[in-house]
Amino acid sequence: MAKQLCTPLSVCLMLQMILLIFSQCQFTIKNAFQLLEELGIDTPNHAVLVIRYPMFISFTLTLIFKLNPVVVSLNVKEGQKITRFTIRIYALFYYSICWVTRLSFLFEVQVLVCRLIDRPLRPTMPKGFYYETQILSWVFSYDGIHSPDCLAVTAAGIAMALSEVPNKQTIAGVRIGMVNDQFVVNPTTEQMEDSELDLVMAGTDSAILMIEGYCDFLTEEKLLQAVEAGQVAIREICKAIDVLVQKCGKKKMVDAINLPPPELYKHVEDISRDELVKALQIKEKILRRKALSALEEKVITILSEKGYVAKDESSGASENLADVIEEEDEDEIIVDGEVDEGEVHIKPVSRKPPCQLFSEVDVKLVFKEVSSKFLRRRIVEGGKRSDGRSPCELRPINSQCALLPRAHGSALFTRGETQALAVVTLGDYQMAQRIDSLVDTEESKSFYLQYTFPPSSVGEVGRIGAPNRREVGHGMLAERALEPILPPEEDFPYIIRVESTITESNGSSSMASVCGGCLALQDAGVPIKFPVAGIAMGLVLDTLEFGGDGTPLILSDITGSEDASGDMDFKVAGNENGITAFQMDIKVVGITLPVMEQALLQAKDGRKHILNEMSKCSPPPAKTLSPYAPLIHVMKVNPSKVNLIIGSGGKTIKGIIEETGVDAIDTGDDGT
C-alpha cells in the first residue's frame, strides 16, 4: 500500500496558507481586507480572500449580481420578479505572462483551471437561488514551485463560504501525486515531473464532488487509495474553513431562495404523466426530444396561459353556505329610509373553482425535474433505460479506418447515436503547439488533440468560433488519455496532431474521441504501445425514492439524457490493465468511496468490451506510414560541427536545402 508523504506544501502548510499561524514557517495570516490595504487594493465585493505565501500571492473574490435581462444590479428591489431560472456561476482564473500585447482571450490552461473551480461549486448551489455569481481568481505572484490551480479551487471555496451565497457546504481542493509509490499531497512542480499520477480533486468534509487526473495505466485500487488520501486532506481543510466562517462569515441570503410553488409539481405530473411515460420510451434521441418539447409546450400553455383546475377541485364538492351567502354590508346605501332587517344578498360566485396561473419560468423548471424523476423511476423500477438497455449494457459499436484517402490517418468511431471522426496529421517540429503557462517548463508540445463539437452534432444551429470551455476541457481529457500510449520521440520523431470532430452526439463524445483517436493513430502508422478506450458512467444515487432498495445504481455508457438527469458523470479511459485518464463530476452533494469503487470496476468491464469491438474495425487500421506523410531522417554529428553545417548566416544549410529539395533541416545543440 502506498504511504502518504509529507511535503513542503502538504495539508498542514495549506492550512497555514488559508487560516493558521505557524511561527516556524515565518508565516503570518491577517484579515483579508488588511492584506488588500497592504497591496493597495480597494474592492466593495461580497467576499474577498487573499492567500499569501513567500513569493506567492493569490487573490480571490466573489461577486453576486441580480439576474435581469438588461440591467445588472447589486441591489434587489422589493417585489421585483426574477425572469430567469438558470443558475449561472462564472469562474475566471487570471495570470499575466504575455509581454507583447494585452490578450483578449484566456490561455488554454486558464480555461482548464476555470473548469476546476466551477465544477465542484455547482452541486453546492441551492435550488431557487437565481443570482448571477462570479468568482474571480488572480495570481499576482508565483514562486515557480507550487501549482496555483488546486489553491484557486480552495480559495474559491473559502470565498463562497465567507460570502452571502447560500451554498450548502464548504469545499476545498487538493492535488495528489505518487512518487516512488508514495502519495504526495500538493506536490511541488519538481516532484510532479517524477510522479506517476496527477490527480486534482475537490470535495466537502464528508464526500467527493469532483476528480480529474491522468496517470500511466494506474490500477483501480491505486486510484481509490489516492482519492482516499486526498479526501483526508480535504476534510482537514474544510474543518479549518468552517472555523474561519464562524468568525467572520457573512449572513447567508436564505431569503433570496425562490422555489416554485409546491403544488405546481403535482399539477405538472397530473397533466403530463401518461404522455411523459410514452415519450421516455422512444428510443431515438431526436424523436424523443421532439415529443418532450411538444409536451413541455402543452404543459406551459395550460399552466401559464389557460389556467389549470386540479382534478380534486373540479369534482363538484359541496360548498358551504358561507361561501355563497354574503351578509349586507354595513355601508350599504338605504333607499327611502326603508330596509328589511332579515334580508340577505346572494353573492354571485361561480361554482367552478378559479383557474390557477403559474409563471413560465417555474413551469419549465418543474417540468424538467418531473421528467428527470420519471426517467429515474423507469431505470430503477423497470430496469430499462430510454433506449431499452439494462444498466450495465453498452450501445452498439461500429468503427472504420482510412475514410479520408489524403489524410495521414483517419477513423470513424460510432457508439449508438454518438459519432466521432478522428484525423491524425504528422509533421516536423515546426508543427509543435506552443505552451504559454506559469507551470509548464516546456515551450511546446509534440502531441496535441483538438476537439470540436459543432452545433450540428445535436441538430441545432449556432455560431462557430473559438473553442469554448467544454471543447477545451474535453479535448485535454482525450489528449491526456492517449498520451501514455505514444512512443518516445527518439523512436518516432514526429509531431502528432489529432483532430476529433463530433458529427453526432448523444453522450460520451469525449470518450468517443479517445476511441476514435486511438484507431486514427494506428491508421497513421504511429507505433502505439497499447490500444485504449474510454467510457462514461452514470449514477442514480437514491434508488429508494424510485422503487429500488436504496443501493446506488451505476449506469454504463450513459446517453445525454441520462447525463442531464443523473447524479454523476464519470469518464474513465484506459485498457484492461489500468487507467490513463479520468474525470468525475457530481450533480448531488458528493458520493462516497464505495460508490466510486463500484463505478470504476464496472467501467473496467465496459472498457474491455469496447476494446474488443474496436479490434473488429473494418477496414482495419493501416499501421504503416501514409505515402503522403512527411519523411524524417535523424542523424547525429559531432556537436562541435553543427556551426559548420549551418554556415555563416545559415548560408550552408540553405544551400543544402535548395540542392536536395528537402522541406527543412533542423539542428539541435546535441548534434541531432
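Predicted model: local features only at pLDDT ≥ 70, side-chain atom pairs only at ≥ 80, totals over all residues.
**Helix pairs**

Two packed helices are described by the angle between their axes and the distance between the axes. The table gives these values for the pairs discussed below.

| Pair | Angle | Axis distance |
|---|---|---|
| α7 (residues 262-279) and α10 | about 50° | 10 Å |
| α7 and α8 (residues 285-306) | about 150° | 10 Å |
| α11 (residues 469-482) and α12 (residues 509-523) | about 45° | 9 Å |

**Helix α7 and its partners**

Helix α7 packs against α10 at an angle of about 50°, and that angle makes α7 oblique to α10. The crossing of α7 with α10 is right-handed. On the α7 side the contact is formed by L264, Y265, V268, E269, S272, R273, L276 and V277, while α10 contributes D362, V363, V366, F367, E369, V370, S371, K373 and F374. Sorted by class, the residues of this contact comprise ten nonpolar, two polar and five charged.

With α8, the angle of about 150° lies over the 145 degrees at which helices count as roughly antiparallel, and α7 and α8 are therefore described as roughly antiparallel to each other. Here too α7 passes its partner in a right-handed crossing. The residues that meet are L264, H267, V268, I271, S272, E275, L276 and A279 from α7 and R288, A291, L292, L295, K298, V299, I302 and L303 from α8. This contact of α7 with α8 has eleven nonpolar, two polar and three charged residues.

**The span of helix α10**

Directly after α10 comes G383, whose phi is positive, near 75°.

**Helices α11 and α12**

The axes of α11 and α12 lie 9 Å apart at an angle of about 45°, which makes α11 oblique to α12. Their crossing is right-handed. Helix α11 makes the contact through R470, H474, L477, A478, A481 and L482, and helix α12 through S509, S510, M511, S513, V514, G517, C518 and L521. The contact of α11 with α12 divides into eight nonpolar residues, five polar and one charged.

**An annotated segment**

An unreviewed UniProt entry places the feature "domain: K Homology" at residues 634-663. In the model, the chain over residues 634-663 is 50% helix and 0% strand, and the C-alpha atoms at its ends are 14 Å apart.

Conventions: Residues numbered from 1 in each chain as written. Heavy atoms only, no water. Axes fitted to C-alpha atoms, helices over the stretch in contact; angles between N-to-C directions. Helix = DSSP H or I, 4+ residues; strand = E, 2+ residues; numbered from the N terminus. Parallel < 35°, antiparallel > 145°, perpendicular 65-115°, else oblique. Left-handed = near helix turned anticlockwise from the far one by under 90°. Contact = heavy atoms within 4.5 Å. Nonpolar A, V, L, I, M, F, W, Y, C, P; charged D, E, K, R; others polar. UniProt positions renumbered as here; feature names shortened; annotations may be inferred.
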